[in-house]
Structure formats: C-alpha cells, structure tokens
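Subject: Structure handover

Hello,

Please find the structure below, for you to take over. My notes on what was found in it follow.

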Amino acid sequence: MAVRCKKIVALYLLFTITFGLCFFHLSAELQRFEHPTKSDGSLSFLVVGDWGRRGAFNQSRVAYQMGRIGEKLDINFVVSTGDNFYDNGLTSEQDTAFEESFTKVYTANSLQKPWYSVLGNHDYRGNAEAQLSPLLRKIDSRWLCLRSFIVNSGLAEIIFVDTTPFVKAYFTDTKDHTYDWRGVHSRKLYIAKLLKDVKLALKESTAKWKIVVGHHSIKSVGHHGDTKELSKWLLPVLQANNVDFYMNGHDHCLEHIRDTDSPIQFLTSGAGSKAWRGDIKGLSRDGLKFFYDGQGFMSVQLNKMDAEIIFYDVFGKILHRWRTLKQLHQST
C-alpha cells in the first residue's frame, strides 16, 4: 500500500513539473497558479482582447506598442480577454492560425512572458478544446488558456471566468454558427458550479486586490452592451465579495465604467485588432468615465497602496489614466 501511495505521489509531482507552472490545491474546481510579484512587491501586466487576425486590422501595430509599453513597465505577464482567434477559433492543435496570429505577431522581448487567456464566443465556434490543450505550450510556452482558473501573486488574485456558456442565445439562437460545447454538458449545472467556485475563491482570498476577468462585458456602452446573464448571476457575487476590477473584451473598444452600486470598476479591453467605429449605445450612462471606439490595449500597475490603469491607442498614446488609493478607498 505504501509503495502504491509513493507511486501516486511521484506521478503527481511529474505532472506538476511537466506542466511547467506551480500547481496548487483546487479551490473547488478552479486551478490555481502562483505568479510572483517583482522584487519590490509590485505587479504590472497588459490586457488585450479580440485580437487574433494574423496581424491584420492593425493587430501588428497594437502588438508593437504593447511591446514598447511592456518593456517600459517591465510587465509580469499579459492577460487576454478572449476571442483569441478569428473568425472561428482554432480547428485543431495543429492549426497554423495559432502561430500566425500569436507567436509571429507578439514578438517583442517584453511580451515573452506568460499569456493568461480565457475563451471568447468566437473561440467556442471552433475547436475550443484545442486552445485548452497543453500541446500548444510545446509550440509556444507562453500560452496558457483554461476555461476558468486563478492566478495569484499574493498582492493580487485574478480569477478568470468562462463567460460564454452564461449567454443563452449561444444555445438557442446560433445564427448558423456551431459551438463546441463538449466541456459544457449542462449549461444550467455548469453555470451553477462555476458561480459556486468563484464565490468560494473570492471569499477565501486574502489578496489586497481582487480582479475577475471574463470575455463578456457586465456593463458596456459598446456594440454588445451589458450581458444580462452576467448582470443577473455574476455581478451580485462580485459586489458581495469586494472585487476591485472586472476586466473583459467582447466589445471591440476601450472602456471604463464605475459601478454605481459598489467600488467595482468595469474595464473593457477588446480592441486588439478590428474595432467598431461609431458603434455606441450612448455616452450619457451613469458611471461612464472613458470610452474609445478604436484599437488599443490597457496596462495595469499594482502595489499595496494603489493601482493605476492606463488605456493606450494603436500609436501608444495615452487615452485615459485612472488611479485609486487602496488603503484610503478613494479614487483620482
């Protein structure tokens, strides 16, 4: 019996080492990855979404500016908010779109850091399992995409949430699209389990900053607008557990909206390539602090005292800068 237990432990350690990242206990079903802060205790990263178009629609220009800002900020990693490969995700682990839209586009030295990614609705239209496959890490070791998971630095805990299954229309009104629901056997049970896992992870978190990342917007004045299912089910969980930021893509714009009922800041970074000029639902919304309907990306800088969010356009110009003081609970 003791020999058998030793073999099991050895296999577990081998899996952990092979995967190449620190693999800790499960918070329910959410895998947890540790990513240390810098030596001074700070953390910085870039956020980009809706990008994978083989460099077209200014994807390469945005990538160049990301590399420049990434070097300036000495980023720890990059967050992708989904819709990683257009128009219909990847066909398989061997799909050349992975290298043509990712590896060969984001070539700057500063971007050779882990890319933590979630799936978007366009990714589900292809072979969703392919993007989740560890085989892609053999092609490009930066890539890490799971349905839902946690990245923890101690200073900040980032919970990545698979939001596409929340949207009922993807099941009932597919508009000739085919979605890969192999990992979602029952939408109702999947959502209930995921909400339970997210709630538990947030409740247990001792991080200074709590961040949730999903593909779909909770609040937006862009083309898609609010995602009613997330407003109904996910938002109350975030509000009840002192989440600081919800970051998303889906709308091809850059956007900052302050929640009127809690301290949550809604940050949209879905402008990694093709943008939707002039597609706006209205700029008079309560809490709207910034909106830009062009291409670009976002940076996040955190320490124990404060956070700074900056939005950049395709030329690297700063469009919007926002800072909040954590301990004083006030924003500037």
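Cys 145 counts as buried because its relative accessibility is 4%; buried means under 20% relative accessible area, exposed over 50%, and partly exposed in between, with a 1.4 Å probe and protein chains only. Cys 253 is buried too, with a relative accessible area of 3%. With a disulfide taken as a pair of cysteine sulfur atoms within 2.5 Å, the count comes to 0 disulfides.

Some notes on the source. This is a predicted model, in which local features need pLDDT of at least 70 and side-chain atom pairs count only at pLDDT 80 or more, while totals for chains, interfaces and linings use all residues. Residues are numbered from 1 along each chain as its sequence is written, and side-chain values use heavy atoms, with hydrogens and water left out.

Overall, the protein has 9 helices and 16 strands. These are DSSP runs numbered from the N terminus: helices are H or I with at least four residues, and strands are E with at least two. Of the 332 residues in the protein, 59% are buried. Contact means heavy atoms within 4.5 Å; among contacts with a separation of 6 or more, 72% are between residues 24 or more positions apart.

Next, helix 2. It has 15 residues, 59-73, and should span 21 Å at 1.5 Å a residue, which agrees with its end C-alpha atoms being 21 Å apart. The expected span is 1.5 Å times one less than the number of residues. Buried residues in helix 2 include Gln 59, Val 62, Met 66, Ile 69 and Leu 73. Their cover includes strand 2 (43-48), helix 3 (97-103) and strand 14 (306-313). Just after helix 2, Asp 74 takes a positive phi of about 50°.

Arg 53 sits in the loop between strand 2 and helix 2. Its relative accessible area is 15%, so Arg 53 is buried. Beyond its neighbours within four places in sequence, Arg 53 is in contact with Gln 59, Tyr 86, Asp 87, Ser 101, His 252, Ser 273 and Lys 274.

On pockets and cavities, the search used a 1 Å grid over the protein atoms alone: a cavity is a set of points where a 1.4 Å probe fits but cannot get out, a pocket is an open set with protein on both sides within 12 Å along at least five of seven lines, and lining residues have an atom within 4 Å of a point. Grid points are joined across faces, edges and corners, and a volume is the space filled by probe spheres set on the points.

The largest pocket has a volume of about 420 Å³. Its lining has 19 residues, with Glu 29, Gln 31, Leu 146, Arg 147 and Ser 148 nearest the centre. Helix 5 (128-132), strand 5 (143-145) and helix 8 (187-204) each give two or more residues to that lining, and helix 8 gives the most, with 4. Asp 197 is in helix 8 and is buried at 3% relative accessibility. Its C-alpha atom is 9.6 Å from that of Ser 148, 49 residues away along the chain.

The structure holds 1 cavity of 30 Å³ or more. The largest cavity is lined by Gly 222, His 223, Asp 251, His 252, Cys 253, Trp 276, Asp 279 and Phe 291.

Regards
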